[in-house]
Amino acid sequence: MVKKKTSFSFKLSQNLVQLLIVMAGVFLGMLLTEWNLGRKTSNKVGTALKQIRIEILANQKMLDAGIMHKKPFFSSLDSLESSLTLEMANEPLFDKPLIYRFPGWKGIGSLRADDSMYQTAMFSNVFPEMDIELVRELALLYNTQNEYNKIRETLMGRFLQMDSSTTYGDALRLMWQIAEELGAYELMLQDKYKVILDKLENYR
């Protein structure tokens, strides 16, 4: 009888040990799965931020070049306006070459600021895994950039619509609008690019 009890206790102990081994295996498996998922998410976030940083650097370089491209002409607008008479303002713009009307004018300069990497990050749903403050800063930056693109396209469209009915005064007003409105967005974006690039550089 004692022998049977001992045998039963031994089998029970064996079963408990096996159960604990199975449970430990399942637990370790869950931990490993969670660790792998966390690592994949971390890699995904890191890749997205790296691509966004490269995109912002490219936009920053393009914007800086555009500002330098227009700076000499914008500096001359005051002298053009101060020498403007009513008769000159009412002259058809294209009665004289554009280079004569606006010496130094080389076009709007800057291209459309790109947001493809930011949009890709949005669609891949990595933002919920990022620091909420960084996500907010990126959203504000790209919203400002979107407004810049819109006003750039609007002003470019108005510039291209100038025709034989456009007066020199009309064109000069448009040039001032380009200098003031587009220029304000360019300076704003310059500051925002510097701030966000610094945060991306130090983000962990």
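Me: Which residues have the most contacts inside the largest nonpolar core?
Reply: Those residues are Ile52, Ile56, Leu77, Phe102, Trp105, Leu138 and Ile178, in a core of 45 residues. A nonpolar core is a set of buried Ala, Val, Leu, Ile, Met, Phe, Trp, Tyr and Cys residues joined through side-chain atoms within 4.5 Å, and buried means under 20% relative accessible area, with exposed over 50% and partly exposed in between (1.4 Å probe, protein chains only). This is a predicted model, in which local features need pLDDT of at least 70 and side-chain atom pairs count only at pLDDT 80 or more, while totals for chains, interfaces and linings use all residues. Residues are numbered from 1 along each chain as its sequence is written, and side-chain values use heavy atoms, leaving out hydrogens and water.

Me: What does Leu77 touch?
Reply: Not counting residues up to four places away in sequence, Leu77 touches Leu172, Met175, Trp176 and Ala179, where contact means heavy atoms within 4.5 Å.

Me: Switching to Thr144, is that residue buried or exposed?
Reply: Thr144, which is found in helix H5, is buried, because its relative accessible area is 12%. Beyond four places in sequence, Thr144 touches Tyr185, Met188, Leu189 and Lys192.

Me: What about Glu137, buried or exposed?
Reply: Glu137 lies in helix H5 too, and with a relative accessible area of 18% Glu137 counts as buried. Leaving aside neighbours within four places in sequence, Glu137 is in contact with Ile196 and Lys199.

Terms used:
Helices (H or I, at least four residues) and strands (E, at least two) are DSSP runs, numbered from the N terminus.
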